[in-house]
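Here are some notes from me to go with the model you are about to open. Have a look around first, then read on.

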Amino acid sequence: LNNDYPFNVPLIKFNTFIFHPNIDFDGTICISELENWLPTYTIYFIIEKIYNLIKTPNFDDSYNPQIKHLYEKDKDSFEEIA
């Protein structure tokens, strides 16, 4: 965690590639709820947001348009690749 956590949002990244519309190739996760960070947010809250995002992508904050398009048009192929 950052030295200024919980007063600022921690840096959150995956170390391995995740095939997902809201996760960039470098592992950066796009979670819009964390943009309005509050010090009362817990690590459990962050993990829960990541879990929910992986289950249900947010297409308004997509990092990868090709992955987004595949998910929207052919979810079976998306799941096979993922």
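The points below go from the whole chain down to one residue.

1. Before anything else, this is a predicted model, where local features need pLDDT of at least 70 and side-chain atom pairs count only at pLDDT 80 or more, while totals for chains, interfaces and linings use all residues. Numbering runs from 1 along each chain as its sequence is written, and side-chain values use heavy atoms, with hydrogens and water left out.

2. You'll find three helices and zero strands in the chain, in the order α-α-α along the sequence. Helices here are DSSP runs of H or I with at least four residues, and strands are runs of E with at least two, numbered from the N terminus.

3. The C-alpha trace spans about 40 × 20 × 20 Å along its principal axes. Of the 82 residues, 28% are buried (under 20% relative accessible area, with a 1.4 Å probe and protein chains only).

4. The accessible surface (Shrake-Rupley method, 1.4 Å probe) is about 5700 Å², and carbon and sulfur atoms account for 52% of that.

5. Now for contacts, meaning heavy atoms within 4.5 Å. Take those in the chain between residues at least 6 apart in sequence: 56% join residues at least 24 apart.

6. Y5 is worth a click. This residue sits in the segment before α1 (43-55). Which residues does Y5 contact, leaving aside its neighbours within four places in sequence? They are P10, W37, Y41, T42 and I43. As for I54, Y5 is 49 residues from it in sequence and 24 Å from it in space, C-alpha to C-alpha.

Methods: Buried means under 20% relative accessible area, exposed over 50%, partly exposed in between (1.4 Å probe, protein chains only).
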